[in-house]
Amino acid sequence: MRPSKQKRMERLNREYSLYFIDIYKNQNKVLVYGEGNLDAKLALVGEAPGRHETVQGRPFVGQAGKILDEFLGILGLNRDELYITSVVKFRPFKVNPDTGGISNRPPNKEEIGLSKSWLFKELSIVKPSMVVSLGNIALQTLANNPKLTIGKVHGTPLDVELGDKKLPITLFPLYHPASIIYRKELREIYLEDLSKLKNYLPSS
Ligand code: URA
């Protein structure tokens, strides 16, 4: 009999954790795994965990997570109906040479390249019929197209095939919820995209 999705996901996370420990020796990278319903029809994919996610070991629990929860509320969705993950599972950060302060930075090409097969494999365990990408990094990684930009394709579903196995999914690109924090004018656009998304939501 085929192992349960839970077992397959645990095995996958263990395998990639060992792989990343080996790659980033002595760097004490904290990995934040995807979480939620392994039978979800809808998965959300962000960019990478930040400080709060790294402390709590859960995706989207900081400021961006609060905005995400508000948007899920508008869609009438609960986190436990969804699967939520990020392209990169550790916090990419930079250190200010003057103050020693640590801040987030976008994941670089190498980090994304090392992480994407993990993402594709976890999505192929969950097998959602729709994946919402949050921001440019998730969009470009899932569509396998670095030229796509969220400013051009937000709110428009795309049919894509994921990874070597060519898992077919419908990708629905949204801005990253954190972008609303810095660009207040995006809020209206976000709400319009959410109402479009409502029409495409798979029935559970
Ligand atoms: N942003 C992401 O993309 N993922 C998280 O888990 C948190 C913030």
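Which residue has a polar side-chain atom 3.0 Å from a nitrogen atom of the ligand? In this predicted model, that residue is serine 86.

**The ligand and its surroundings**

- The residues around the ligand are Gly46, Glu47, Ala48, Pro49, Glu53, Pro59, Phe60, Ser86 and His176.
- On its own the ligand has 240 Å² of accessible area, of which the protein covers 93%.

**Helix α1 against helix α4**

- Two packed helices are described by the angle between their axes and the distance between the axes.
- For α1 (residues 5–23) and α4, the axes come within 10 Å and cross at roughly 175 degrees.
- Because angles over 145 degrees count as roughly antiparallel, α1 is roughly antiparallel to α4.
- Residues in this contact include Met9, Leu12, Tyr16 and Phe20 of α1, together with Leu114, Trp118, Lys121 and Ile125 of α4.
- The contact of α1 with α4 has 10 nonpolar, four polar and five charged residues.

**Helix α4 against helix α5**

- The axes of α4 (residues 109–126) and α5 (residues 136–143) come within 11 Å and cross at roughly 70 degrees, which means that α4 is roughly perpendicular to α5.
- From α4, Ile112, Lys116, Leu119, Phe120 and Leu123 meet Ile137, Thr141 and Leu142 of α5.
- By class, six nonpolar residues, one polar residue and one charged residue make up the contact of α4 with α5.

Notes:
Residues numbered from 1 in each chain as written. Predicted model: local features only at pLDDT ≥ 70, side-chain atom pairs only at ≥ 80, totals over all residues. Heavy atoms only, no water. Axes fitted to C-alpha atoms, helices over the stretch in contact; angles between N-to-C directions. Helix = DSSP H or I, 4+ residues; strand = E, 2+ residues; numbered from the N terminus. Parallel < 35°, antiparallel > 145°, perpendicular 65-115°, else oblique. Contact = heavy atoms within 4.5 Å. Nonpolar A, V, L, I, M, F, W, Y, C, P; charged D, E, K, R; others polar. Near = heavy atom within 4 Å. Polar contact = N/O pair within 3.5 Å; in protein donor to acceptor, adjacent residues only side chain to side chain. Areas by Shrake-Rupley, 256 points an atom, 1.4 Å probe, with all protein chains shown as cover.
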